[in-house]
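Trainee: I have just opened this one and would like to get my bearings. Can we go through it together?
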Amino acid sequence: MQLLLITGPAGVGKSTLSWEMSAQLAAAQVAHAVIETDELDRVFPRPNTNELDRIQPGTIDVSSINLAAIWSTYKALGHTRLIMSGVMMHLNFDKRWILSAIPEARITVVRMLAAEPTLLARLAQREIGSGADEQAQRSLRQARRMASEDAESIIVLPTDGKRPAELAEIILRKTGWLNIGGQQKD
């Protein structure tokens, strides 16, 4: 099972890239699924450890339970490719909860990067509420931390000056997801 994990700071374009990759894969008739990790734990009130342990012993995060449930449906439908997007500030920890939900996953990490002015411009297009300034500062902290981390064994995707369609094509070709039967699918 192949899993493309699209990461990067909030506002960099992870969702947009995921949707564009999905559109290109669909156009090429390549079966796949897309999951945004933000939706795996969007619940109030958050379940506590005891509630989660009752559902699945040893689990401390509802995201893992929900991912396993969603993936079991996609797997039963015959899917072997999954695109997931999320900030993923603690990549080793995040890989562990993903693998606990989908043990057979072979994860390829794509880290999206953007220059700070680009990131702020993108955030300004989507963040219009009272928390916009706080979100901008949080995204800049995330971007700075990710830019300083080791990028070994991940695909780093600079996004400045590139449109989503171009970025999606770069990743899909680099990962071979558009290779069908040894032929490059155009």
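Trainee: Which residues have the most contacts inside the largest nonpolar core?
Mentor: Bearing in mind that this is a predicted model, the largest nonpolar core has 25 residues, and Ile6, Leu17 and Met21 are those with the most contacts inside it.
Trainee: And which elements give two or more residues to this core?
Mentor: Strand 1 (2-7), strand 4 (106-113) and strand 5 (155-158) do, together with helix 1 (14-27), helix 5 (116-126), helix 6 (132-148) and helix 7 (164-175). Helix 7 gives the most, with four residues.
Trainee: Where does Trp97 belong, then?
Mentor: Trp97 is in another core, of 19 residues, which lies apart from the largest one and has Leu82, Met88 and Ile154 among its members.
Trainee: Switching topic, how many helices and strands are there?
Mentor: The protein chain has seven helices and seven strands, and along the sequence they follow the pattern β-α-β-α-α-β-α-β-α-α-β-α-β-β. Its radius of gyration is 17 Å, close to the 16 Å that the globule rule gives for 186 residues, so the chain is as compact as a globular protein of that length.
Trainee: What share of the residues is buried?
Mentor: Buried residues make up 41% of the 186, while the accessible surface comes to about 10,200 Å², with 51% of that belonging to carbon and sulfur atoms.
Trainee: And how many charged side chains, positive and negative?
Mentor: There are 21 positive and 21 negative side chains, and the centres of the two sets lie 3 Å apart.

Conventions: Residues numbered from 1 in each chain as written. Predicted model: local features only at pLDDT ≥ 70, side-chain atom pairs only at ≥ 80, totals over all residues. Heavy atoms only, no water. Rg over C-alpha atoms; globule rule 2.2 N^0.38 Å. Buried < 20%, exposed > 50% of the residue type's maximum accessible area, 1.4 Å probe, protein only. Areas by Shrake-Rupley, 256 points an atom, 1.4 Å probe, with all protein chains shown as cover. Lys, Arg positive; Asp, Glu negative; His and termini not counted. Charge placed at Lys NZ, Arg CZ, Asp CG, Glu CD. Core = buried A, V, L, I, M, F, W, Y, C linked by side-chain atoms within 4.5 Å.
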